[in-house]
Amino acid sequence: MNSTVRLPGRIGPHALLITTAAVPLTGWALHVVALHKRLAATRKDPLPGLLRRDAYTNRARRLLARRGDTTTVVMVDADRFKAVNDTLGHAAGDAVLAAFGARLTAWAGPHAAVGRLGGDEFAVVLDLAARRRQLRLEQLVRMLHTPVTLDDGRTVDVAASIGAATPDTLGTRDLPTLQRAADAALYDGKHSGRAVLATATHATTPSINGRRAGRPGTSVWGRAA
């Protein structure tokens with residue numbers, strides 16, 4: 001019996017070259033896709049799913065440059081977060097951070113820059129017209145004061161301090177300046193249950209890397225916490 005297998009035709013030199021080249025190119029393309037996914041993943045904080053500091057900063061600066069005076073820079077600190085960790089455990093603390101991340105993302109919308117700056121500190125830069133600022137900030141206060149339900153059914157009472165700064169009030173689009181002013185306004189309203197809009201005076205507060213000097217971490221590390 002003749003067991004010879006006949007090919008369906010001759011393979012020309014050009015087809016052979018393309019076929020040979022496709023093998024390494026396909027492997028390289030898969031490598032590039034995998035690398036892109038890994039790099040994209042490093043832009044996000046794994047716990048609340050927000051942008052890390054560098055990725056947040058880059059996106060925030062682009063928004064400020066593009067949108068200008070209609071943008072708002074918002075700084076958020078979770079109140080009494082250490083007590084949650086100490087009394088309910090770190091799993092409960094992680095759940096609170098994740099809930100804050102989800103609420104901030106939902107509140108700000110898909111085009112905003114929403115980042116976790118460290119610990120229980122968050123920042124948001126979004127396009128927000130002046131006529132809507134107060135109402136939207138009040139909405140954010142309510143969202144961040146809504147209890148968090150844990151997987152085991154327990155509820156955790158939560159709260160946050162919020163400060164905001166705007167280019168049209170301070171006369172600048174510089175991100176560190178706006179963050180410093182928003183952070184100082186946040187400190188003025190700490191534990192008050194309200195969002196505080198920064199004035200020009202808040203922008204003169206001494207800072208380290210655009211954060212209020214004296215906040216936890218800045219004196220030890222010489223940088224913003």
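User: Let's start with a pairing. Which residue is the bridge partner of Gly118 in strand 3?

Analyst: In strand 3, Gly118 has Glu121 as its bridge partner. Some ground rules: this is a predicted model, where local features need pLDDT of at least 70 and side-chain atom pairs count only at pLDDT 80 or more, while totals for chains, interfaces and linings use all residues. Residues are numbered from 1 along each chain as its sequence is written, and side-chain values use heavy atoms, leaving out hydrogens and water.

User: What counts as a strand, and when do two strands pair?

Analyst: Strands (E, at least two residues) and helices (H or I, at least four) are DSSP runs, numbered from the N terminus. Two strands pair if DSSP finds at least two bridges between them. Here, strand 2 and strand 3 run antiparallel and are joined by five bridges. Another partner pair is Arg116 with Phe122 of strand 3. The two strands form a hairpin with two residues between them, and Gly119 in that turn has a positive phi of about 60°.

User: In what order do the strands of the sheet come?

Analyst: The order is 2-3-1-6-7, five strands in an open sheet with mixed pairing. Strand 2 and strand 7 (195–197) are the edge strands, each pairing on one side only. From one strand to the next, the twist averages 20°; for angles, axes are lines fitted to C-alpha atoms (for helices, over the stretch in contact), and values run from 0 to 180 degrees between N-to-C directions.

User: How many bridges join strand 1 to strand 3, and how many join it to strand 6?

Analyst: Seven bridges link strand 1 to strand 3, running antiparallel, and Thr72 partners Leu126 there. Six bridges link strand 1 to strand 6, also antiparallel, with Val73 partnered by Ala165. By contrast, strand 6 and strand 7 run parallel, with three bridges, one partner pair being Ala164 and Leu197.

User: Is strand 6 mostly covered or exposed?

Analyst: Read that from relative accessible area: buried is under 20%, exposed over 50%, and partly exposed in between (1.4 Å probe, protein chains only). Strand 6 (residues 160–165) is mostly covered, with six of its six residues buried. Ala160, Ile162 and Ala164 point one way, Ser161, Gly163 and Ala165 the other. Six of the seven residues of strand 3 are buried too, so strand 3 is largely enclosed by the rest of the structure.

User: What about helix 2: how far does it reach?

Analyst: A helix's expected span is 1.5 Å times one less than its number of residues. Helix 2 (residues 53–67) has 15 residues and reaches 21 Å from first C-alpha to last, close to the 21 Å expected. Its buried residues are Ala55, Tyr56, Thr57, Ala60, Leu63 and Leu64. Just after helix 2, Gly68 takes a positive phi of about 65°.

User: At what angle do helix 2 and helix 7 pack?

Analyst: Angles under 35 degrees count as roughly parallel, over 145 as roughly antiparallel, 65 to 115 as roughly perpendicular, and the rest as oblique. Helix 2 and helix 7 pack at about 100°, with axes 10 Å apart, and are therefore roughly perpendicular to each other. Contact means heavy atoms within 4.5 Å; here Tyr56, Thr57, Ala60, Arg61 and Leu64 of helix 2 meet Leu175, Pro176, Leu178 and Gln179 of helix 7.
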